[in-house]
Amino acid sequence: MRLELEPELRKLGEAFAQAGVTLYAVGGFVRDRLLGRAVYDLDVAASATPEQVEALCRSHPPLKAQVRMAGLAALTLSFPGEAGWRTAEYTSFRRESYRRDGSHRPVFVASGASLEEDALRRDFTVNALYARLTDGEVLDPLGAGAEDLAAQRLRTTRDSGEVFAEDGLRLLRLARFACQLGFEVEKATWRGACRRVDALRSIVPERCGQELARILLSPADAALRGLALLARMGALARILPEIGPDGMERGIAAAVHTPPDLGVRMAGLLWGTEGSAAGAACLRLGYGRVIARRVEQLEQLRGYDALDPAAIAWFLARLGLPLAEDWVCLRRADRWNPAENLDPAAPWQQALDAMKRDGIPFTPEDLALKGGEIARAMGETPGPRTGRMKRALWKRVVQRRVPNEPDALYHTIQQLNACPQEWDRAQDKEENP
C-alpha cells in the first residue's frame with residue numbers, strides 16, 4: 001500500500017533522510033488517509049532521539065522543533081506548507097511502562113526501540129500503521145493493522161486487558177473510534193474493555209469529557225453507537241453517575257434525537273437529572289459555566305407542560321432565544337414515539353415558529369417603547385413600577401392581546417395605570433421559568 005502525500009510532507013521526509021533517519025507518519029493520519037476520510041492532525045515518528053531531531057532541524061532551516069512533553073521523547077515540528085506553516089507531533093520510537101491503574105501517563109519511557117516495539121505500545125492495530133514520508137509506502141509492523149482496517153475491526157495491539165489496564169482513556173477511545181469509524185469491536189478486545197472499566201477511576205474527568213464530547217458531537221447514528229457501547233461497557237455510568245441505571249436508555253435516546261450541539265445533547269443525556277446535579281456534571285467534565293448553566297436551566301424546566309397557546313408563548317418568551325429552541329428540541333426528543341408518528345413538540349414548535357415569524361419580542365427590551373417612554377406615559381420617573389409595567393406590556397404583546405406598536409402600548413399603559421391593582425402587585429408573584 002502507498003499513500004499519496006503532499007509535497008511538503010515528502011520534503012520533510014527527505015530532510016530527515018538526508019540525516020540518515022527514516023521518518024514515518026503514524027496513527028490516525030495513516031488510518032484515515034487509507035479510509036479516504038478527512039485528516040486534521042499529523043503524528044510522525046522515527047528512531048532519532050529528540051536531541052538528534054533538534055540538531056537536524058537546526059541544520060535544515062526553516063524546520064523547527066519544540067519540546068512538547070519533557071521526558072516523553074516528544075516534540076512539535078513546524079515546517080512550511082503550501083498554505084502556510086504546518087505542524088506535526090513527533091515521538092521517538094520508544095518502549096513504555098505504566099502503573100496498572102489506568103492512569104494514562106507512562107512512568108517509564110525509553111528511546112531506542114524498534115519499529116515493531118513502537119507499534120506494540122500503541123492502542124489498536126489500525127493505529128499502528130506507518131507511512132514512510134519519502135515515498136508514502138505503508139508498513140504494518142504487527143501484520144494485523146491492514147487486515148483489521150479492511151475488515152473494519154478494532155483490535156488491541158496486545159492483550160486487551162493489559163492495554164486497557166495501562167491507560168483507562170483507551171476505553172473511551174475504543175467507543176469513539178467505533179462511533180466515528182463505524183467499526184466493529186473484536187470480541188477479545190471487548191471482553192478486555194469490560195473487564196478493565198475500573199481503569200477509568202484514574203483518568204481526570206476533563207479528559208473523559210473530551211472523549212465524550214467527540215461522541216456526542218457525531219451524527220445521530222454514530223453518537224447512538226458510541227453512547228450505547230459506553231453504557232454496555234459500564235463506562236458511561238462511571239463518567240456520569242448522575243444519570244442512574246433507570247434513566248440511561250432514555251437519556252441516550254433523548255441525546256441522539258437532538259441536534260449535534262454539546263449543550264443540548266448533554267441536557268438530553270442528563271434529561272431527568274436534578275438541575276444542579278446536571279450543571280455540576282458539566283463543570284466536572286470541563287464543559288465550562290455557560291454550558292453548565294444552560295443544561296441546568298433545561299433540566300429545571302423538564303416537568304413544565306401547557307396546552308393553552310397564550311401560556312406556551314409566554315413560557316417560550318421568558319426562556320428567550322436560543323434556550324427556547326433547545327427546550328423544544330428536548331421536549332420532542334424525550335417524548336417522541338415513532339409508532340404514533342406524531343411530533344410531541346408540535347404545538348411548541350408551531351408557537352415558536354410563529355413568534356419568530358411575526359416578530360414577537362423575546363425580551364421586554366424589544367418592545368416598541370423604552371423604559372423612559374413608559375415612565376413618562378405613567379406620569380412617573382423611572383423606577384420599580386416602570387419595570388413592572390414594562391413586563392406587563394411585554395406579556396400582553398407575547399400573548400397577542402396588544403400589538404407591539406407605540407400607540408397601542410400607550411393606550412394599554414393608560415388602561416393599566418388607571419387600575420394598578422390588576423397588574424402591579426401581580427407582577428411580583430409571577431412565576432418565572
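Reader: How much of the protein counts as buried?
Author: In this predicted model, 48% of the 433 residues count as buried.

Reader: And what is the secondary structure made of?
Author: The protein has 22 helices and 11 strands. Its radius of gyration is 29 Å, well over the 22 Å that the globule rule gives for 433 residues, so the protein is more spread out than a compact globule.

Reader: What box do the C-alpha atoms fill?
Author: Taken along the principal axes, the box is roughly 90 × 50 × 35 Å.

Reader: What about the surface, how much of it belongs to carbon and sulfur atoms?
Author: Carbon and sulfur atoms hold 49% of an accessible surface of about 20,200 Å².

Reader: Let me turn to Glu8. Is it buried or exposed?
Author: Glu8 is buried, because its relative accessible area is 11%, and buried means under 20%. This residue lies in helix H1, residues 7–18.

Reader: Which residues does Glu8 touch?
Author: Leaving aside residues up to four places away in sequence, Glu8 touches Phe79, Pro80, Gly81, Glu82 and Arg86.

Reader: Which residues of helix H2 are buried?
Author: In H2, which spans residues 28–35, the buried residues are Phe29, Val30, Arg31 and Asp32.

Reader: What covers them?
Author: The cover includes helices H1, H5 (145–151) and H7 (169–181). It also includes strands S1 (24–26), S8 (130–132) and S9 (138–139).

Reader: What does the backbone do just after H2?
Author: Gly36, which comes just after H2, takes a positive phi of about 75°.

Reader: Which residues other than glycine have a positive phi?
Author: Gln152 is one of them, with phi near 55°. Arg400 is another example, with phi near 60°.

Reader: Where is Gln152 found?
Author: Gln152 is in the loop between H5 and strand S10 (153–154). With a relative accessible area of 41%, Gln152 is partly exposed.

Reader: And where is the place of Arg400?
Author: Arg400 sits in the loop between H20 and helix H21 (406–418). The relative accessible area of Arg400 is 46%, so this residue is partly exposed.

Reader: Since H20 came up, at what angle do H19 and H20 pack?
Author: Helix H19 (residues 371–378) and helix H20 (residues 384–398) pack at about 105°, and their axes are 9 Å apart. That angle makes H19 roughly perpendicular to H20.

Reader: Which residues make the contact?
Author: H19 contributes Gly371, Ile374, Ala375 and Met378, while H20 contributes Arg385, Thr386, Met389, Lys390 and Leu393. By class, five residues of this contact are nonpolar, two are polar and two are charged.

Reader: Where are Pro62 and Pro322 found?
Author: Pro62 is in the loop between helix H3 (50–59) and strand S3 (64–69). Pro322 is in the loop between helix H16 (309–319) and helix H17 (323–335).

Reader: Last one: is Arg191 buried or exposed?
Author: Arg191 has a relative accessibility of 52% and therefore counts as exposed. This residue lies in helix H8, residues 187–195.

Reader: How far apart are Arg191 and Asp123?
Author: Arg191 and Asp123 are 68 residues apart in sequence, and their C-alpha atoms are 15 Å apart in space.

Technical notes. Residues numbered from 1 in each chain as written. Predicted model: local features only at pLDDT ≥ 70, side-chain atom pairs only at ≥ 80, totals over all residues. Heavy atoms only, no water. Axes fitted to C-alpha atoms, helices over the stretch in contact; angles between N-to-C directions. Helix = DSSP H or I, 4+ residues; strand = E, 2+ residues; numbered from the N terminus. Parallel < 35°, antiparallel > 145°, perpendicular 65-115°, else oblique. Contact = heavy atoms within 4.5 Å. Nonpolar A, V, L, I, M, F, W, Y, C, P; charged D, E, K, R; others polar. Buried < 20%, exposed > 50% of the residue type's maximum accessible area, 1.4 Å probe, protein only. Rg over C-alpha atoms; globule rule 2.2 N^0.38 Å. Areas by Shrake-Rupley, 256 points an atom, 1.4 Å probe, with all protein chains shown as cover.
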